[in-house]
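Subject: Handing over the structure

Hi,

Here is the structure I promised to pass on to you. Have a look at it first, and then read my notes below.

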Amino acid sequence: MDTARLSRFVSGLWDEEIVPRLVEYIRIPNKSPMFDKDWKAHGHMDAAVKLMSDWAQSKLAALPGSTLEVVQLEGRTPLIYIEVPASGAGDDTVVLYGHLDKQPEMTGWAEGLGPWTPVLKGDKLYGRGGADDGYAIFGSLAALLALHEQGVPHARCVILIEACEESGSYDLPYYVDHLAARIGNPSLVVCLDSGCGNYDQLWLTTSLRGMTGGNLTVQVLEEGVHSGDASGVVPSSFRILREILSRLEDPETGTIKPKELYVEIPAQRVEQAQHAATVLGGDIYSKFPWTAGMQPVTKDLPELVLNRTWRPQLAVTGIGGIPPLDSAGNVLRPFTAAKLSLRVPPTLDAKQAGQFLKQLLEKDPPYGAKVSFDLEKDGSGWNAPALSPWLAEAVDEASRNQFGAPATYMGEGGSIPFMGMLGEKFPKAQFLITGVLGPHSNAHGPNEFLHIPTGKKVSAVVAEVVAKHHAQGARG
């Protein structure tokens with residue numbers, strides 16, 4: 001395979017067709033069902049599916065025998081299912097995965113930018129969902145089209161694009177079961193929904209933290225009362241909530257207290273964290289939009305990597321029962337609620353962690369307050385199986401060809417529920433998990449962007465690895 005020709009083909013396709021389609025995709029406010037309960041009536045998800053499937057269908061003529069179907073199970077979000085037949089001998093299968101649903105708007109976008117306002121600035125495309133991960137279907141097909149353009153053989157490929165990932169992929173297991181006979185038994189899974197430590201080389205995701213979370217509510221009164229009358233008599237619901245949270249998290253260090261929420265970190269992952277810290281240096285923390293004077297929790301770089309990838313951490317992502325500042329009177333409020341997002345280690349059972357969390361927070365309520373923790377979600381993490389020598393060699397060579405630097409390995413702090421599920425269903429499969437979410441790309445937050453050169457290079461890497469996968473299969 002001529003890798004320079006491969007790069008030119010992929011780059012041209014991105015410039016001429018993919019970027020313009022992503023611009024239109026960003027305009028569609030197809031928020032995930034968790035954030036838009038009336039998603040079906042609003043029609044935005046169907047519009048995003050149509051945009052992607054129309055483009056994909058237009059390219060399948062160049063991939064003989066390929067088929068595309070929008071699968072729609074009753075009461076569930078749609079799924080784009082594409083089959084591309086093998087162009088060489090063998091009966092192996094590669095699964096390529098991505099999603100098209102989006103996180104909600106979030107505040108704080110810079111002037112001229114917005115979640116549904118696509119803006120091209122240099123090599124960055126701003127707007128919600130381009131990098132997380134609307135580009136996946138385009139990048140996957142670009143890789144296969146590039147192989148066909150040179151007549152390079154590949155195994156049968158199945159592309160799955162779901163519309164529920166940002167809500168925990170609760171629809172996806174039904175589709176995987178529904179399509180099990182058609183999907184087959186893949187030996188390689190490619191997922192383009194992950195991050196990268198920098199834009200200078202290929203980053204392989206070795207693990208993903210799980211997550212559990214829900215709404216913690218502390219109620220002390222049936223209605224609000226004058227704070228001058230009640231304070232000192234009625235305990236503050238906010239203070240009680242703060243006290244309860246201290247059972248879980250050390251308020252001074254942010255360390256999660258219960259040993260039940262930790263696992264032993266594998267030695268290989270510790271070594272990889274140390275190497276990633278050496279490669280990234282201060283970029284591990286400088287990539288974040290710090291306010292002036294702020295510092296990370298520690299300057300020990302490998303510890304920061306492990307904190308982010310293998311240790312439990314709490315984020316309070318929402319508050320209820322508290323009025324905005326400009327309408328906050330002198331009232332002792334009846335309740336305070338907080339939405340909790342607890343990241344848990346990759347190999348910890350998230351369902352059990354959620355049950356433990358509920359018991360921890362609800363037991364022995366101070367002053368007899370009404371305390372409830374309503375679990376909203378739980379999803380276990382994932383720890384990648386050992387990389388086969390052929391795949392380790394393939395990704396390193398592809399990274400050198402496309403980025404000019406060797407591949408690097410690091411866990412990710414977020415979750416991709418699909419990985420754990422597929423890891424259980426296909427325990428012998430190899431996994432190539434990567435993505436374009438690098439420094440400042442800010443997925444889920446304001447000013448999210450897609451770094452277009454990295455999107456192109458990742459697409460070309462996928463092409464190289466899929467080709468090597470077929471060659472390995474031919475060698476048995």
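The buried residues of helix H8 are covered by, among others, strand S9 (210-219), strand S11 (313-320), strand S13 (335-344), helix H12 (350-362) and strand S14 (370-379). Please keep in mind that this is a predicted model, where local features need pLDDT of at least 70, side-chain atom pairs count only at pLDDT 80 or more, and totals for chains, interfaces and linings use all residues. Residues are numbered from 1 along each chain as its sequence is written, and side-chain values use heavy atoms, with hydrogens and water left out.

Some terms before we go on. Helices (H or I, at least four residues) and strands (E, at least two) are DSSP runs, numbered from the N terminus. Buried means under 20% relative accessible area, exposed over 50%, and partly exposed in between (1.4 Å probe, protein chains only). Contact, or touching, means heavy atoms within 4.5 Å.

Which residues of H8 are buried? They are Ser237, Ile240, Leu241, Ile244, Leu245, Ser246 and Leu248. Where H8 starts, the backbone nitrogen of Phe238 has a side-chain oxygen of Ser236 within 3.1 Å (a polar contact is a pair of N or O atoms within 3.5 Å; within protein, one must be able to donate a hydrogen and the other to accept it, and residues adjacent in sequence count only if both atoms are side-chain atoms).

The four strands listed above form an open sheet in the order S11-S13-S9-S14, with antiparallel pairing (two strands pair if DSSP finds at least two bridges between them). S11 and S14 are at the edges with a single partner strand each, so one side of each has no neighbour in the sheet. From one strand to the next, the twist averages 20 degrees. S9 and S14 are joined by nine bridges, and Asn215 has Asp374 in S14 as its bridge partner. H12 lies across S9, S13 and S14, at about 170 degrees to S14 (axes are lines fitted to C-alpha atoms, for helices over the stretch in contact, and angles run from 0 to 180 degrees between N-to-C directions).

Around Cys196

Next, look at the loop between strand S7 (188-191) and strand S8 (203-208), where Cys196 lies. Cys196 is buried, with a relative accessible area of 4%. Leaving out residues up to four places away in sequence, Cys196 touches Trp203, Glu412, Gly435, Val436, Leu437, Gly438 and Pro439.

In S7, Leu188 and Val190 point one way and Val189 and Cys191 the other, and all are buried. S7 runs parallel to strand S3 (residues 93-99), with four bridges joining them, and Tyr97 stands opposite Cys191. Four bridges also join S7 to strand S17 (residues 430-433), again in parallel, and Val190 is partnered there by Leu432.

The cores

The largest nonpolar core has 72 residues, and those with the most contacts inside it are Trp14, Leu22, Ile80, Ile82, Leu100, Ile137 and Leu141 (a nonpolar core is a set of buried Ala, Val, Leu, Ile, Met, Phe, Trp, Tyr and Cys residues joined through side-chain atoms within 4.5 Å). Helix H4 (residues 130-150) gives the most to this core, with twelve residues. Apart from this core lies another, of 27 residues, including Val158, Tyr175, Leu208 and Ala384.

Best wishes
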